[in-house]
Amino acid sequence: MELKLAPEDEKRIEQSIRQKYTKVASSPEGHFNYPTGRAGLEALAYDAERVEALTDNIVASYCGVGNPFTLMPIRGGEAVLDIGCGAGVDTFIAASMVGPEGKAVGIDIIPEMLERAIQNLHETTFKNVTFQLTSAGNLPFPDESFDMVISNGVFNLIPDKTRALAEALRVLKPSGCLMIADQILTGQLQADTKARIESWFR
Amino acid sequence: MFKQAGFVDIELVADTGFNSSPVTKGALFRATKPVISIVKEKEKVMEDSLSKYKEFFDQTYAEGTLDRKTKHLIALGASLAAGCEA
């Protein structure tokens, strides 16, 4: 079932992801078939108080596909990793939940999205948030360093999902949770590798 | 995929209602990293003890003033004299 991709295919996929998300970094509006920004956050029932605490600019950058925070409670003092944090909205929500004793770390492979995340961070007063340019397949964190790992609309884009899952498991503490909101294919999976790569974004 | 990675309590909890295309749908997944079970903990303790024993055994029979063959012959003689059936 797992697609075996050559390095050049992975590179092509990464380039097309970069092409799309460079534009999304300025504004996600019009790039997705579902609501983004404040409308997205409201439709997905994000905690209104926590969203209210964020600036309009930050809220406008949201383009998640679900609300991973509905899956398990995140407690004060915990360490949370946001894989594919994009502009950082989920990272900020996590940061507000873990409080000053905890930490929220966002990672992404798109420099433009991280730039937006850091800009967004300056519009908050969070002292417990960091962002890093790194891929899900090679997490620069020690084993068992996070209580929770979240990811929103990202895993569907990752070429080597097996590796990303193994890394997520590694950095999680025992009994820690992985909470993912993502797109799953309900239609037919194309047998042809080339066709699958062409239709990577759906 | 989650199970192969080593996760447990894997659950597709709900649809998100945000579908990126006619052939995809948004879904929420939760999976947990297992806590090492008591059995595995005991296995680990046994493994540690065995490795210490192996270290002791290897050191005892290492080449030294007496060569390994001589040491083994001494051990054989001692065990025969003691009536050790192992």
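In strand β2 of chain B, the bridge partner of C177(A) is T32(B). Helices (H or I, at least four residues) and strands (E, at least two) are DSSP runs, numbered from the N terminus. This is a predicted model, in which local features need pLDDT of at least 70, side-chain atom pairs count only at pLDDT 80 or more, and totals for chains, interfaces and linings use all residues. Residues are numbered from 1 along each chain as its sequence is written, while chains are lettered from A and ligands numbered from 1 in the order in which they are written.

**The sheet across the two chains**

C177(A) and T32(B) belong to a pairing of β5(A) with β2(B), residues 24–32. Nine bridges join these strands, which run antiparallel. Two strands pair if DSSP finds at least two bridges between them. Further along, Q183(A) stands opposite G26(B) in β2(B).

Strands of a sheet pair through backbone hydrogen bonds, either parallel or antiparallel. Here an open sheet of seven strands has the order β3(A)-β2(A)-β1(A)-β4(A)-β5(A)-β2(B)-β1(B). Its pairing is mixed. The edge strands are β3(A), residues 129–133, and β1(B), residues 8–15; each pairs on one side only. From one strand to the next, the twist averages 20°. Angles run from 0 to 180 degrees between N-to-C directions, and axes are lines fitted to C-alpha atoms, for helices over the stretch in contact.

| Strands | Sense | Bridges | A partner pair |
|---|---|---|---|
| β5(A) and β2(B) | antiparallel | nine | C177(A) and T32(B) |
| β1(B) and β2(B) | antiparallel | five | D15(B) and A27(B) |
| β2(A) and β3(A) | parallel | five | I107(A) and Q132(A) |

Two helices of chain A pack on the sheet. Helix α6(A), residues 111–122, touches β2 and β3 of chain A, and its direction makes about 165° with that of β3(A). Helix α7(A) touches β1 (79–83), β4 (146–152) and β5 of chain A. The direction of α7(A) makes about 150° with that of β5(A).

**The interface**

31 residues of chain A are in contact with 25 residues of chain B. Contact means that the C-beta atoms of two residues, placed from the backbone, lie within 7 Å. On the chain A side, α7 (161–171) and β5 (172–185) each supply at least two residues. The largest share, 13 residues, comes from β5(A). By class, this side has 19 nonpolar, nine polar and three charged residues. Ala, Val, Leu, Ile, Met, Phe, Trp, Tyr, Cys and Pro count as nonpolar, Asp, Glu, Lys and Arg as charged, and the others, Gly among them, as polar.

**Chain B**

Chain B has three helices and two strands, in the order α-β-β-α-α from the N terminus. Its C-alpha trace spans about 80 × 25 × 15 Å along the principal axes. The radius of gyration of chain B is 28 Å, whereas a compact globule of 86 residues would have one near 12 Å. That radius is taken over C-alpha atoms, and the globule rule is 2.2 Å times the number of residues to the power 0.38.

Of the 86 residues of chain B, 15% count as buried. A residue is buried if 20 or more other C-beta atoms, placed from the backbone, lie within 10 Å of its own, exposed if 12 or fewer, and partly exposed in between. β2(B) is mostly covered, with seven of its nine residues buried.

**A site in chain A**

D56(A) lies in helix α4(A), residues 56–60. D56(A) is exposed because 10 other C-beta atoms lie within 10 Å. The C-alpha atoms of D56(A) and R38(A) are separated by 8.1 Å, and the two residues are 18 apart along the chain.
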